[in-house]
Amino acid sequence: MAGLKYMSGFGNEFSSEDPRCPGSLPEGQNNPQVCPYGLYAEQLSGSAFTCPRSTNKRSWLYRILPSVKHKPFTPMPCGDLTENWDEVEPDPNQLRWLPFTILKSTEKKVDFVAGLHTICGAGNSKSRNGIGIHVFTCNTSMVDKCFNNSDGDFLIVPQQGDILITTEFGKMMVEPNEICVIQQGMRFSVDVFGETRGYILEVYGAHFELPDLGPIGANGLANPRDFLCPVAWFEDRTVPSGYTIINKYQGKLFACQQDFSPFNVVAWHGNYTPYKYNLKHFMAVNCVAFDHADPSIFTVLTAKSTKPGVAIADFVIFPPRWGVADHTFRPPYYHRNCMSEFMGLIKGHYEAKEEGFQPGGGSLHSIMTPHGPDADCFQKNSTAELKPERVAEGTMVKIKLNRRGDLMQPEFISHLFMLQAFMFESSFSMAVTKWGLETCQRLDKTYYQCWERLRSHFNPNWKPSKQ
Ligand SMILES: O=C(O)Cc1cc(O)ccc1O
Ligand SMILES: [Fe+2]
């Protein structure tokens, strides 16, 4: 849907009116005795009323009918969505998944909610501390159905197929290489345009923030103005056959019926909104001297824990960039981390593993699980000539055949072809679900073999070279 409008800024105090109803936003107060156009006022709180101003989040919605008018919620099947972290025995191995399967709509119609599968997670939505990592694979739009997560925020990373998200705040089109955040309690419905897949990082009890920049200065990484929030859009639609509200509550799904569309917010104001961000705007800062910098330099958004500097979860990308480090093994180093690292791939390949890690797949390196470049990557980069090189980016070339049908020298077009790997990094020790380990049947049992060919280069007679 071309032509959608957005407002720019991260966490701003926005206000928006559907242009069909000028003056629908009350002036000078939140709760007039009678709201313009006969609307109902409803507050959506994203923080405790008493939070300090810097973290206080709420929005005021002016709607045709309030959310409270609905039939009672009843439990519904959760499919492969779970918050049960004890389904299978713990597994400290390096785990890698082949691209998660997307069913064809001719096999089975699956919408965004039915297509949610939990891979791993930890913590507890009841005590408001933890995370879940899910994939969504779907082929059908949600019709007269919306979803809201009472447990936490969803950071959604589309990998294949655009998603059109209708929210109480307006509409957002989110394409692969963009991400969006739908915060706790916000109702939304997802339209898709074919076979669609993506990843979701869910955090309970914290909201995403831009990381502090410290010595980087006032600008850089994800800049606030590149975050886009929707503008008010409403439909005044009665649905006699019933509109279904699906509520994820304490890790389980519940559904209720009402006879009108919940996207009936004519005007709203506040700083608690959904938003999206295009990863191409990420202003990467990296090493221009020597050594491999830690990946925290590529943090797009962070959900902080109460321990200073420790995140419940960070969303980190490995953006297209120049690699210029001198006398350095440039790819990621071998390491064991006190954090968990879940990785996904939107497009292309990842520098530490040119093969095996595929778009739409994933990997999990749990707390203290050793990992790093595969044997091919180590070999190649230990001997590579260290000239400036584009990293994590494909080059677009035009392929031409001569009259005999032979391939001619490819013609360079541009560096525009974006490749993108990302990481959800968490201080939680995550459990993998039964779906992740067994049911999905996408676990690559051969993953450990990518390090089998690493051999010793130890030379006990090695002498420092004389300069
Ligand atoms: O394991 C990974 O591939 C992610 C990662 C990348 C990097 O550049 C440094 C550390 C790290 O964990
Ligand atoms: Fe790592």
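UniProt positions are given in the numbering used here, feature names are shortened, and annotations may be inferred rather than shown by experiment. This is a predicted model, in which local features need pLDDT of at least 70 and side-chain atom pairs count only at pLDDT 80 or more, while totals for chains, interfaces and linings use all residues. Residues are numbered from 1 along each chain as its sequence is written, and chains are lettered from A and ligands numbered from 1 in the order in which they are written.

**Exercise 1. Find the confidence of the chain and of the complex.**

Start with pLDDT, the predictor's confidence in each residue, from 0 to 100. Its average over the chain is 94, and 94% of the residues score at least 70. Then turn to the complex, where the predictor gives an ipTM of 0.98 and a pTM of 0.94.

**Exercise 2. Divide the chain into domains and describe the contact from the side of domain 1.**

Step one: domain 1 covers 6-279 and domain 2 covers 283-447, with bounds from an automatic or database domain assignment. Their centres, taken over C-alpha atoms, are 28 Å apart.

Step two: domain 1 brings 49 residues to the contact and domain 2 brings 51; two residues are in contact if their C-beta atoms, placed from the backbone, lie within 7 Å. On the domain 1 side, E7 gives the most, with 7 residues. Strands (E, at least two residues) and helices (H or I, at least four) are DSSP runs, numbered from the N terminus.

Step three: compare with the record. UniProt, in an unreviewed entry, places "domain: Homogentisate 1,2-dioxygenase N-terminal" at residues 5-279. Over that stretch the chain is 0% helix and 44% strand, and the end C-alpha atoms lie 19 Å apart.

**Exercise 3. Work out the strand order of the open sheet and name its edges.**

The order of the 6 strands is E6-E25-E24-E29-E22-E21, with antiparallel pairing; strands pair if DSSP finds at least two bridges between them. E6 and E21 (299-304) stand at the edges with a single partner strand each, so one side of each is left without a neighbour in the sheet.

For one pair in detail, take E24 (residues 340-347) and E25 (residues 362-365), which are joined by 4 bridges. Glycine 344 has glycine 362 in E25 as its bridge partner.

**Exercise 4. Locate the annotated binding site.**

The unreviewed UniProt entry places a "binding site" at His335, Glu341 and His371. These are spread over 37 residues of sequence yet cluster in space, the largest C-alpha distance being 11.5 Å. Finally, histidine 335 sits in the loop between strand E23 (321-323) and E24.
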